[in-house]
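These are my notebook entries on a single protein chain, written down as I looked things up. I began with the overall layout and then turned to how some of the elements pack.

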Amino acid sequence: MGILFEDDNFALFRDGFLQTIELSAVSALFALLLGTVLAAFRVSPVPALRVFGTVWVNTFRNTPLTLLFFVAFFALPRLDAHFDAFTFAVIALSSYTGAFVCEVLRSGINTVPFGQAEAARSLGMTFGQTLGSIVLPQAARTVLPPMSSVFIALPRNSAIAGAFNNAELYNLQATLTDKGYAIFGIFFWVALAYLLLSFTIGGVFRLLETRLAVVR
């Protein structure tokens with residue numbers, strides 16, 4: 001249990017924890033952007049965009065995340081895409097998580113009364129204006145609870161990046177195991193760090209739910 005109180009180990013743990021936060025935050029940002037675009041495609045009046053959004057979501061939601069990491073790290077370089085390990089990890093995580101964000105947003109869009117979109121179109125608003133100004137703001141309020149589950153899972157999913165040259169939390173356990181420390185003590189601190197991240201993300205979303213709650 002006292003493995004963290006040695007200076008070298010504390011520095012390793014701190015760096016792994018910060019790397020996990022950075023990887024999760026950057027991936028969450030890109031997943032949110034990607035998921036929003038895909039959700040717009042899924043409800044678009046353009047058939048080609050709807051097909052693209054549907055294929056993306058069904059493909060990435062049903063593909064194991066580990067396989068997406070292998071594609072990012074080994075297939076993309078063959079296509080002349082050369083990035084560092086962190087960027088490849090962000091690509092895999094955001095592509096995967098973005099598909100789930102899309103479906104959560106789409107479920108929220110479906111709760112907005114269709115008559116509001118019709119009224120907006122009758123006033124001359126385009127699809128993009130209707131979606132951005134009327135539909136999405138209302139949909140975002142209704143999907144905060146399921147969206148929190150998606151982003152709470154993201155730091156845990158980022159553990160896979162540890163097997164692909166990212167010095168994050170889960171990668172830390174391999175380093176400390178090689179030093180001969182008891183595996184129970186290692187996993188205790190790693191699990192505690194993931195719990196801290198999960199509770200923090202959950203707290204942020206609960207705060208957003210309170211601030212954005214609709215008075216009925």
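Entry 1, layout. I read the elements of the protein chain from the N terminus on as α-α-α-α-α-α-α-α-α, and I count nine helices and zero strands, where helices (H or I, at least four residues) and strands (E, at least two) are DSSP runs numbered from the N terminus. I note that this is a predicted model, in which local features need pLDDT of at least 70 and side-chain atom pairs count only at pLDDT 80 or more, while totals for chains, interfaces and linings use all residues. Residues are numbered from 1 along each chain as its sequence is written, and side-chain values use heavy atoms, with hydrogens and water left out.

I find that the C-alpha trace spans about 70 × 50 × 20 Å along its principal axes. Of the 216 residues, 40% are buried, meaning under 20% relative accessible area with a 1.4 Å probe, protein chains only. The chain exposes about 11900 Å², and carbon and sulfur atoms supply 67% of that area. Among contacts (heavy atoms within 4.5 Å) with a separation of 6 or more, 77% join residues 24 or more positions apart.

I looked up how helix 7 (residues 144-157) packs with helix 9 (residues 183-211), and the angle is about 160 degrees with the axes 9 Å apart; axes are lines fitted to C-alpha atoms, for helices over the stretch in contact, and angles run from 0 to 180 degrees between N-to-C directions. The two are therefore roughly antiparallel, a word used for angles over 145 degrees. In this contact helix 7 contributes L144, P145, M147, S148, F151, I152, P155 and R156, and helix 9 contributes Y194, L197, S198, I201, G202, F205, L208 and E209. By class I have eleven nonpolar, three polar and two charged residues there.

I picked out S198 of helix 9, which counts as buried because its relative accessibility is 13%. Not counting residues up to four places away in sequence, S198 touches I152 and R156.

I list W56, V57, F60 and R61 in helix 2 as meeting S95, Y96, A99, F100, C102 and E103 in helix 4.

Technical notes
Angles under 35 degrees count as roughly parallel, over 145 as roughly antiparallel, 65 to 115 as roughly perpendicular and the rest as oblique. Ala, Val, Leu, Ile, Met, Phe, Trp, Tyr, Cys and Pro count as nonpolar, Asp, Glu, Lys and Arg as charged, and the others, Gly among them, as polar. Buried means under 20% relative accessible area, exposed over 50%, partly exposed in between (1.4 Å probe, protein chains only). Accessible areas come from the Shrake-Rupley method with a 1.4 Å probe; for residues, only the protein chains shown count as cover.
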